[in-house]
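Subject: Structure handover

Hi,

Here is the structure we talked about. Please look it over, then read the notes below.

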Amino acid sequence: MTGGEFEFDGEIDPNKIQILPGASEDGTTASFRILKEDHTIGNALRYMIMKNPDVEFCGYSIPHPSEAAVNIRIQTYGDITAIQALEKGLDDLMDLCDHIESEFRKEVEAGDYSTVEP
């Protein structure tokens, strides 16, 4: 919890991602709020976190349509903490985005595409 039992290890900005009250004492279950984001990051991040075999549950919600925030709930099997699962999910999502950008740039630079519409 912010200022409490456990903290983020990596480069996660505490002004961007907050741990919400109600996390388990062992750190295996926690809810997070990501500020200034919406369904775009919520759904993609939930998908990446659920691909982790150490994660039992991950879901997200938008608290209110007029509020620019995403709440994410993570529950692990106990081998890792919810914070570690969130950090891995963010890293995996970044790696996926980097790969897509790299492949896109490669194809554009190759220039091997049709300019005539079908």
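First, a term: two strands pair if DSSP finds at least two bridges between them. Helices (H or I, at least four residues) and strands (E, at least two) are DSSP runs, numbered from the N terminus.

Two points on provenance. This is a predicted model, in which local features need pLDDT of at least 70, side-chain atom pairs count only at pLDDT 80 or more, and totals for chains, interfaces and linings use all residues. Residues are numbered from 1 along each chain as its sequence is written, and side-chain values use heavy atoms, with hydrogens and water left out.

Overall layout

The protein has two helices and four strands. Along the sequence they follow the pattern β-β-α-β-β-α. Of the 118 residues, 31% are buried. Buried means under 20% relative accessible area, exposed over 50%, and partly exposed in between (1.4 Å probe, protein chains only). The protein exposes about 7800 Å², and carbon and sulfur atoms supply 51% of that area. Accessible areas come from the Shrake-Rupley method with a 1.4 Å probe; for residues, only the protein chains shown count as cover. Contact means heavy atoms within 4.5 Å. Among contacts in the protein with a separation of 6 or more, 51% come from residues 24 or more positions apart.

The sheet

The four strands form an open, antiparallel sheet, in the order β1-β2-β4-β3. β1 (17-19) and β3 (55-61) stand at the edges with a single partner strand each, so one side of each has no neighbour in the sheet. Direction ignored, neighbouring strands are turned by 20 degrees against each other on average. Axes are lines fitted to C-alpha atoms, for helices over the stretch in contact, and angles run from 0 to 180 degrees between N-to-C directions.

β4 covers residues 69-76 and is joined to β3 by six bridges. Ser61 has Asn71 of β4 as its bridge partner, and Val55 stands opposite Thr76 in β4. β2 and β4 pair in the antiparallel sense over seven bridges. There, Phe32 has Ile72 of β4 as its bridge partner. Six of the eight residues in β4 are buried.

The helices

How do α1 and α2 pack? Helix α1 and helix α2 (residues 82-110) meet at about 110 degrees, with their axes 8 Å apart. That makes α1 roughly perpendicular to α2. On the scale used, angles under 35 degrees count as roughly parallel, over 145 as roughly antiparallel, 65 to 115 as roughly perpendicular and the rest as oblique. From α1, the contact uses Ile41, Ala44, Leu45, Met48 and Ile49. From α2, it uses Ala85, Leu86, Gly89, Leu90, Asp92, Leu93 and Leu96. By class, that is 10 nonpolar, one polar and one charged residues. Ala, Val, Leu, Ile, Met, Phe, Trp, Tyr, Cys and Pro count as nonpolar, Asp, Glu, Lys and Arg as charged, and the others, Gly among them, as polar.

Two loop residues

Leu20 is found in the loop between β1 and β2. Leu20 is buried, at 18% relative accessible area. Leaving aside neighbours within four places in sequence, Leu20 is in contact with Ser31, Phe32, Arg33 and Asn71. The C-alpha atoms of Leu20 and Arg33 are separated by 6.7 Å, with the two residues 13 apart along the chain.

Lys36 lies in the loop between β2 and α1. Lys36 is exposed, at 70% relative accessible area. Its phi is near 60 degrees, a positive value in a residue other than glycine.

Best wishes
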